[in-house]
Amino acid sequence: MRFVELIRKKRQGGELSEQELKRLVDAYTTEELPDYQMSAFLMAVYFQSMTSKELSAWTEAMLHSGQVLDLSSIVGAKVDKHSTGGVGDKVSLILAPLAVAAGLKVPMISGRGLGHTGGTLDKLESIPGFNVNQSVERFIELVDTLGLGLIGQTGEVAPADKKIYALRDVTATVECIPLIASSIMSKKLAEGIDALILDVKVGSGAFMKNIDRARELAQTMIGIGKAMNRPVRALITDMDQPLGLTIGNSLEVIESIETLRGEGPEDLTEITLELVTEMLDVAGEVSDRDQTKRRLFELLRDGSALGVFEKIIEAQGGDASVCADTSKLPTAKYTTVLEAWEGGHINRMQAESVGIAAMELGAGRRRKEDTIDPAVGLVMNAKRGDKVEPGQPVVTIHYNDDRELDKVKQMLRDAIVIGEAPTDVPPLILDRLS
């Protein structure tokens with residue numbers, strides 16, 4: 001089986017067999033297949049796509065390129081959530097402990113941020129001492145005893161995806177739905193979960209800029225799940241402005257803790273309750289959605305969910321006292337306020353530009369090897385639809401270095417449009433797919 005023939009076959013629109021796709025994945029994982037040939041194959045897929053049969057075989061090959069966790073001995077439904085990424089998306093930090101407080105098991109293997117989108121691991125690592133680098137054995141123990149584990153991708157779980165993802169990043173093959181879907185699903189199914197809920201974001205701050213592409217991605221992942229006998233559901237959610245009020249790792253942890261107390265912003269609370277309700281529903285634990293959401297909100301207000309978060313922080317080496325005293329989290333040396341330059345209503349808040357502005361402060365990475373400053377970031381004092389007066393605070397900038405400060409302020413001014421008349425704010429949940 002000559003690799004160049006497989007590349008040519010896909011380049012010309014042919015369908016590769018399960019055996020051929022497995023051979024490609026295995027060879028690349030063991031470094032028999034060089035980067036340049038896998039790059040050529042990925043580019044062929046970018047232009048020719050994959051059939052549903054190919055996609056299932058490709059995903060399964062990546063899934064089985066390493067260890068597939070067996071959580072069958074753990075009592076309870078094992079359900080995870082995956083977000084396609086956005087600006088200010090700290091949902092996982094709230095959702096996982098809330099879902100556990102509601103009776104689910106949540107094995108969560110997360111990623112790091114790149115570009116304008118934040119990463120769950122980076123947020124967790126802003127908690128002093130928190131260790132996301134746990135062994136597979138320790139991860140399983142955490143899920144069994146505490147109901148959840150919050151770790152990064154290990155070398156044992158879906159190693160083929162880890163290598164292919166890094167290659168896609170430098171070969172302009174990221175924006176390919178079959179490759180995105182297989183990457184996400186191979187990692188998530190390797191966790192040993194019973195079901196998966198997807199938060200597919202769409203809008204200026206999302207990877208998918210229009211709702212048709214977002215639906216296509218969601219349906220593709222749902223199809224992979226069906227082929228592998230795992231129920232998958234998806235919410236299509238708005239990402240035309242930042243989620244919540246904070247962008248930046250320590251700031252987002254503080255906002256997550258506030259939300260775990262039942263005191264978070266409305267949009268962040270709403271999407272978390274919707275996603276956890278979906279997780280419970282797919283596990284057969286919902287008879288009335290509104291009643292379930294009320295019960296979940298009570299688990300926030302009475303401290304149950306925050307108690308779970310404190311336990312997992314402590315179990316993974318972190319300082320759980322930050323939940324009672326958030327001043328122990330990293331804090332920027334300086335703050336400055338961007339004031340409204342005219343009166344009116346905020347009609348637009350270009351989320352990607354806001355995310356890039358936070359990245360320029362040091363809250364994100366241009367390249368994977370960049371170091372993040374956990375303390376810096378932005379607090380949105382107003383959101384889309386709000387009325388503002390001249391001189392009213394719109395964004396508070398938290399920074400340690402003023403070299404990019406003028407640039408960041410200008411980026412924010414360009415990203416935020418103030419108009420005379422109010423504008424309609426679209427719903428947060430745009431669609432549900434199953």
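Reply:

Helix α15 (residues 351-363) lies across β6, β9 and β11, running at about 140° to β9. Helix α16 (residues 405-415) also packs on the sheet, where it touches β7, β9 and β11, and its direction makes about 150° with that of β11. Contact here means heavy atoms within 4.5 Å, while the axes are lines fitted to C-alpha atoms, for helices over the stretch in contact, with angles running from 0 to 180 degrees between N-to-C directions. Helices (H or I, at least four residues) and strands (E, at least two) are DSSP runs, numbered from the N terminus.

This is a predicted model, in which local features need pLDDT of at least 70 and side-chain atom pairs count only at pLDDT 80 or more, whereas totals for chains, interfaces and linings use all residues. Residues are numbered from 1 along each chain as its sequence is written, and side-chain values use heavy atoms, with hydrogens and water left out.

The sheet itself is open and has four strands in the order β6-β9-β11-β7, with antiparallel pairing. Because β6 (246-247) and β7 (334-339) stand at the edges, each with a single partner strand, one side of each is left without a neighbour in the sheet. Two strands are said to pair if DSSP finds at least two bridges between them; strand β9 (residues 377-380) and strand β11 (residues 393-399) pair in the antiparallel sense over four bridges.

Strand β8 (residues 344-349) pairs with β10 in the antiparallel sense over two bridges. On the β10 side, G344 stands opposite V388, and H345 stands opposite K387. Towards β12, which runs antiparallel to β8, the two strands are joined by four bridges, and I346 has I418 in β12 as its bridge partner.
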